[in-house]
Amino acid sequence: IDPIFKTMCRLVTRLAGIRVNVVGRDRINASATYVYVINHVNIFDMFVIYQAIPGYVRSLEHVDHFSWPIFGPFITAAGQIPVDPDDARVTARGLKRAVEMLQAGDSIAVLAEGSRTLDGSVGRFYPGAFRLAIKAGVPVVPMAIRGGRAVSRRGEWKIRPGTVEIELGAPMPTGDLAVRDADALADRCRERVIGMLQRR
């Protein structure tokens, strides 16, 4: 289903009049396993992310999304991972599954702020994604989405044609880290994402 999934993502952005540019793909090994951590801008983020990341990747999805018409069955078939900030058991099962996928060689993408930005600033990165990376022993790849708020913003239904650029940063190793280092790693990753956003 992966080629279909990526084709659908490209189709959605094209129909919305959104052009996607990718920077820094040469910084990563397309066949390696990573936890990709991205700033959260708008409803098109995941459609953009799947175009930018080479190879197989899946993401953590709020459990409510799995009950949505059309979208819910699709993400279920695609193998997305349900989590729920209000239900520790659902989240624990989801994170366990995510670690298993990483250990099996599947990459995971995480919007670490948990919700879309209201003003363009980058919020706190929650440590869950970084615990996953440390437990699985895989690097974290910081990713920055630029131009997203120009095409769509939280709280608005209006979609404006335009260009979204996504940059992949250099991988951050986790091999020498323990789970207790997740918060510090989250802070370092957030600073890298902010740095990438400020360079343009």
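Modeller: A helix is a DSSP run of H or I that spans at least four residues, and helices are numbered from the N terminus; in this model, which is predicted, Thr 13 is found in helix α1.

Biologist: Is Thr 13 buried or exposed, and which residues does Thr 13 touch beyond those up to four places away in sequence?

Modeller: Thr 13 has a relative accessible area of 1%, and because buried means under 20%, Thr 13 counts as buried. Leaving aside residues up to four places away in sequence, Thr 13 touches Ile 18, Val 20, Phe 47, Val 48 and Gln 51.

Biologist: How should I read the packing of two helices, and at what angle do the axes of α1 and α2 cross?

Modeller: Two packed helices are described by the angle between their axes and by the distance between those axes. Here the axes of helix α1 (residues 2–15) and helix α2 (residues 45–52) come within 9 Å and cross at roughly 125 degrees, which makes α1 oblique to α2. The crossing in which α1 passes α2 is left-handed.

Biologist: Which residues make the contact between α1 and α2?

Modeller: On the α1 side the contact is made by Phe 5, Lys 6, Met 8, Cys 9, Arg 10, Val 12 and Thr 13, and on the α2 side by Met 46, Phe 47, Val 48, Tyr 50 and Gln 51.

Biologist: Turning to aromatic rings, how many aromatic pairs does the structure hold, and why is the pair of Tyr 34 and Tyr 36 edge-to-face?

Modeller: A pair of aromatic rings is described by the distance of the centres and the angle of the planes. The structure holds 4 aromatic pairs. In the pair of Tyr 34 and Tyr 36 the ring centres lie 5.6 Å apart and the planes stand at 70 degrees, and since planes over 60 degrees apart count as edge-to-face, this pair is edge-to-face. Another pair, Phe 125 with Phe 130, is stacked, with 6.5 Å from centre to centre and 20 degrees between the planes. Tyr 34 and Tyr 36 are both buried, and Phe 125 and Phe 130 are buried as well.

Biologist: Where does the charged end of Arg 58 sit, and is Arg 58 buried or exposed?

Modeller: The charged end of Arg 58 sits over the ring of Tyr 56, 4.3 Å from the centre of that ring. Arg 58 is found in strand β3 (residues 57–62) and is buried, with a relative accessible area of 0%. Not counting residues up to four places away in sequence, Arg 58 touches a set of residues that includes Asp 2, Phe 5, Tyr 50, Gln 80 and Met 101; Phe 5 of α1 and Tyr 50 of α2 also take part in the helix contact.

Notes
Residues numbered from 1 in each chain as written. Predicted model: local features only at pLDDT ≥ 70, side-chain atom pairs only at ≥ 80, totals over all residues. Heavy atoms only, no water. Phe/Tyr/Trp six-rings, centres within 6.5 Å; stacked < 30°, edge-to-face > 60°. Buried < 20%, exposed > 50% of the residue type's maximum accessible area, 1.4 Å probe, protein only. Lys NZ or Arg CZ within 6 Å of the ring centre and 35° of its normal. Axes fitted to C-alpha atoms, helices over the stretch in contact; angles between N-to-C directions. Parallel < 35°, antiparallel > 145°, perpendicular 65-115°, else oblique. Left-handed = near helix turned anticlockwise from the far one by under 90°. Contact = heavy atoms within 4.5 Å.
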